[in-house]
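Look at the sequence and the 3D view before reading the points.

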Amino acid sequence: MKILDKNFVEFISEKEIAEIVSTMAASINRDYEGKNPYFLVMMNGAFLFASDILRQLDVDSDLAFVRYKSYEGMSSTGELKELLPIPDDVAGRNVIVLEDIVDTGFSMKTFLEILRAKRPSSVAVASFLVKPEALRYDVKVDYVGRNIENKFIVGYGLDYNGRARNLASVYVLDK
């Protein structure tokens, strides 16, 4: 599949994605029963993951969207831009951050510092994908959908210069 100037091949099928999300939702349902978590969805990438997982949750919860950006094209800028900040008071709340992917950990580490300054009762991170080989910052991901190699991927919310977020599967750059 060609996206802009790059070729991609399927990496994680729609069926595999559904299985990963179901497993993660079951864990969150178990761990947060009766705790009314507050979900913060990292936009734009995590919107499909968040939609799928939230529909499988039985726990009463609240939801908000935040948007921070550190990527241009295929690489990190090394700077986190706040585009849509945390909209509510999260002091004393059990917060779960829903993220599409944690790679270097820079964005998540920086965002978690901002979040923890607002004094939530607890903070957990649920990331659909994690790239352990790429991690350069100490970031604990409490709910990992799947660990993957340090490869460039698109689809299921992940993009290449704003394209391919709508794809139902995850695709990897074809070399």
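Helices (H or I, at least four residues) and strands (E, at least two) are DSSP runs, numbered from the N terminus. The model is predicted, so local features need pLDDT of at least 70 and side-chain atom pairs count only at pLDDT 80 or more, while totals for chains, interfaces and linings use all residues. Residues are numbered from 1 along each chain as its sequence is written, and side-chain values use heavy atoms, with hydrogens and water left out.

**Strand pairing**

- Two strands pair if DSSP finds at least two bridges between them.
- Strand β10 (residues 170-173) pairs with strand β2 (residues 6-12) in the antiparallel sense, over four bridges.
- Phe8 has Leu173 of β10 as its bridge partner.
- β10 also pairs with strand β9 (residues 153-154), again in the antiparallel sense, over two bridges.
- Here Val154 has Tyr171 of β10 as its bridge partner.

**Nonpolar cores**

- A nonpolar core is a set of buried Ala, Val, Leu, Ile, Met, Phe, Trp, Tyr and Cys residues joined through side-chain atoms within 4.5 Å.
- Buried means under 20% relative accessible area, exposed over 50%, and partly exposed in between (1.4 Å probe, protein chains only).
- The largest nonpolar core has 30 residues, and Ile28, Leu98 and Phe128 touch the most other members.
- Elements giving two or more residues to this core include α1 (14-31), β6 (94-102), β7 (122-130) and β10.
- α1 gives the most to this core, with six residues.
- Apart from it lies another core, of 22 residues, among them Val66, Leu80, Met108 and Leu112.
- Contact means heavy atoms within 4.5 Å; not counting residues up to four places away in sequence, Phe128 touches Ile17, Met24, Phe49 and Tyr156, among others.

- Like charges are joined within 9 Å, and nonpolar side chains (Val, Leu, Ile, Met, Phe, Trp, Tyr) within 5 Å.
- Leu63, Phe65, Leu83 and Leu84 form a nonpolar surface patch with about 340 Å² of accessible area together, by the Shrake-Rupley method with a 1.4 Å probe, where for residues only the protein chains shown count as cover.
- β4 (62-72) and β5 (75-84) each supply at least two residues of this patch.
- Phe65, in strand β4, counts as partly exposed because its relative accessibility is 38%.
- Glu82, in strand β5, is also partly exposed, with a relative accessible area of 48%.
- Glu82 touches Arg67 and Tyr68, not counting residues up to four places away in sequence.

Conventions:
Patch = residues over 30% accessible without salt bridge, like charges linked within 9 Å, V, L, I, M, F, W, Y side chains within 5 Å. Salt bridge = Lys/Arg side-chain N within 4 Å of Asp/Glu carboxyl O.
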